[in-house]
Amino acid sequence: MKCELTDAVNGKPRVPVLNDQTLPKYLQSRRLENVVDKNINNEIKIFSGTGNFMLSQEIAKYMGLNLGNIRIKRFADGEIYVQLQESVRGCDVYLVQPSCPPANENLMELLIMIDACRRASAKNITAVIPYFGYARADRKTQGRESISAKLVANLITEAGADRVLACDIHSGQSMGYFDIPVDHVYCQICSGDLVVVSPDVGGVARARAFAKKLSDAPLAIVDKRRSGHNVAEVMNLIGDVKGKVAVMLDDMIDTAGTIAKGADLLHDVGAREVYACSTHAVFSPPAIERLSSGLFHEVIVTNTLPVSEENYFPQLTVLSVANLMGETIRRVHDDCSVSSIFQ
């Protein structure tokens, strides 16, 4: 989604200000206070976990609603306590909570929030998961491995969720692990003349779809081999990037090992500029050092995960997905098409 960025303040990136001029036409029709009819205000409620409270606020603002009152605390031994501070009986409830670090605590918090809503007689419970953790363990690549994506899907379902709304899941097959409906939305960051680069073979489908949106831009693929988790070794490049602007596209940046080695390869074969685009800014150490080393002209991410101030660096641009998530929630609630957003 193309957004207009405000100027940087003290060298720090700013989340774009969304207004009627920067929003696509399909998002302008129901903006802020006009988004939700007064008769619906008593039927739809949005609650936020502690994982990404600022994004939850932006989503609620887009829909012209206030966040629901909820009490979340930790006991001395780390156990999580959740209590809804208002009635949700007969309401459609949307719980916004990514499984960002600390992943296990945020996932458990989501499960307890779902349970609280179910026991409070909510009509429908939708888990809004901007970042779906454990999605990388979606298949067995070696013997005696767990498939954690399926386990987490089962936990969310058994907790009582009726529906899941997720953004840029690591692989599409993870949607099949749920026995409840899944709405999968994804981010699109537009640019000019370029070549789209997939950092690995597994991301080719995502990169091809992105390239198609950019007037069928050419596609290149980095062939890599992994010697272990979070350890990548780039082998060679399939495609031509010499003298071109290369955009490396991935669903997440964790330690940035894969994308940094890929960028180094692109420079070696003659790319004019290298950009990195990713939905989820996990940014585990030493990601910041790798991303700010001068390999990238710009690193573009979204706020599906909160980006802490200490992780800002000059090349970083953060875009908001609040309008995308809010519009999807509205369409789910109104039984309208979600896929038409991307057409």
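Biologist: Is Leu-155 buried, partly exposed or exposed?

Modeller: In this predicted model, Leu-155 has a relative accessible area of 36%. Residues under 20% count as buried and those over 50% as exposed, so Leu-155 is partly exposed.

Biologist: In which helix does Leu-155 lie, and how far is Leu-155 from Leu-111 in sequence and in space?

Modeller: Leu-155 belongs to helix H4, residues 148-159. Along the sequence, 44 residues separate Leu-155 from Leu-111, whereas their C-alpha atoms are 7.4 Å apart in space.

Biologist: How is the packing of two helices described?

Modeller: For H3 and H4, the axes come within 8 Å and cross at roughly 25°. Angles under 35 degrees count as roughly parallel, and H3 and H4 are therefore roughly parallel to each other. On the H3 side, the contact is made by Leu-107, Leu-110, Leu-111, Ile-114, Asp-115 and Arg-118. On the H4 side, Val-152, Leu-155, Ile-156 and Ala-159 make the contact.

Biologist: At what angle do H2 and H8 pack?

Modeller: Helix H2 (residues 53-62) and helix H8 (residues 322-333) pack at an angle of about 55°, and their axes are 8 Å apart. H2 and H8 are therefore oblique to each other. The crossing in which H2 passes H8 is right-handed. From H2, the residues involved are Leu-55, Glu-58, Ile-59 and Tyr-62. They meet Ala-322, Asn-323, Met-325, Gly-326, Glu-327 and Ile-329 in H8.

Biologist: Let us turn to the sheet. In what order do the strands lie?

Modeller: The order is E1-E4-E5-E6-E7, in an open sheet of 5 strands with parallel pairing. The edge strands, each pairing on one side only, are E1 and E7 (182-185). From one strand to the next, the twist averages 20°.

Biologist: How many residues of strand E4 are buried?

Modeller: Of the 5 residues of E4 (residues 92-96), 5 are buried, so this strand is largely enclosed by the rest of the structure. Asp-92, Tyr-94 and Val-96 point one way from E4, while Val-93 and Leu-95 point the other way, and all are buried.

Biologist: Which strands are joined to E4 by bridges?

Modeller: Strand E1 (residues 44-48) is joined to E4 by 5 bridges, and these strands run parallel. Another 5 bridges join E4 to strand E5 (residues 124-129), again in parallel.

Biologist: Through which helix does the chain cross from E4 to E5?

Modeller: The chain crosses through helix H3 (residues 103-119), and this β-α-β crossover is right-handed. H3 lies across E1, E4 and E5, and runs at about 165° to E5.

Biologist: Which residues have a positive phi although they are not glycine?

Modeller: Ser-121 is one of them, with a phi of about 70°. Ser-121 is placed in the loop between H3 and E5 and is partly exposed, with a relative accessible area of 31%. Asp-335 has a positive phi of about 60° and lies in the segment after H8. With a relative accessibility of 72%, Asp-335 counts as exposed.

Biologist: Finally, how many helices and strands does the protein have, and what percentage of its residues count as buried?

Modeller: The protein has 8 helices and 14 strands. Of its 343 residues, 52% count as buried. Among contacts with a separation of 6 or more, 63% are accounted for by residues 24 or more positions apart.

How values were computed:
Residues numbered from 1 in each chain as written. Predicted model: local features only at pLDDT ≥ 70, side-chain atom pairs only at ≥ 80, totals over all residues. Heavy atoms only, no water. Buried < 20%, exposed > 50% of the residue type's maximum accessible area, 1.4 Å probe, protein only. Helix = DSSP H or I, 4+ residues; strand = E, 2+ residues; numbered from the N terminus. Pairing = 2+ DSSP bridges. Right-handed = clockwise from strand over helix to strand, strands pointing away. Axes fitted to C-alpha atoms, helices over the stretch in contact; angles between N-to-C directions. Contact = heavy atoms within 4.5 Å. Parallel < 35°, antiparallel > 145°, perpendicular 65-115°, else oblique. Left-handed = near helix turned anticlockwise from the far one by under 90°.
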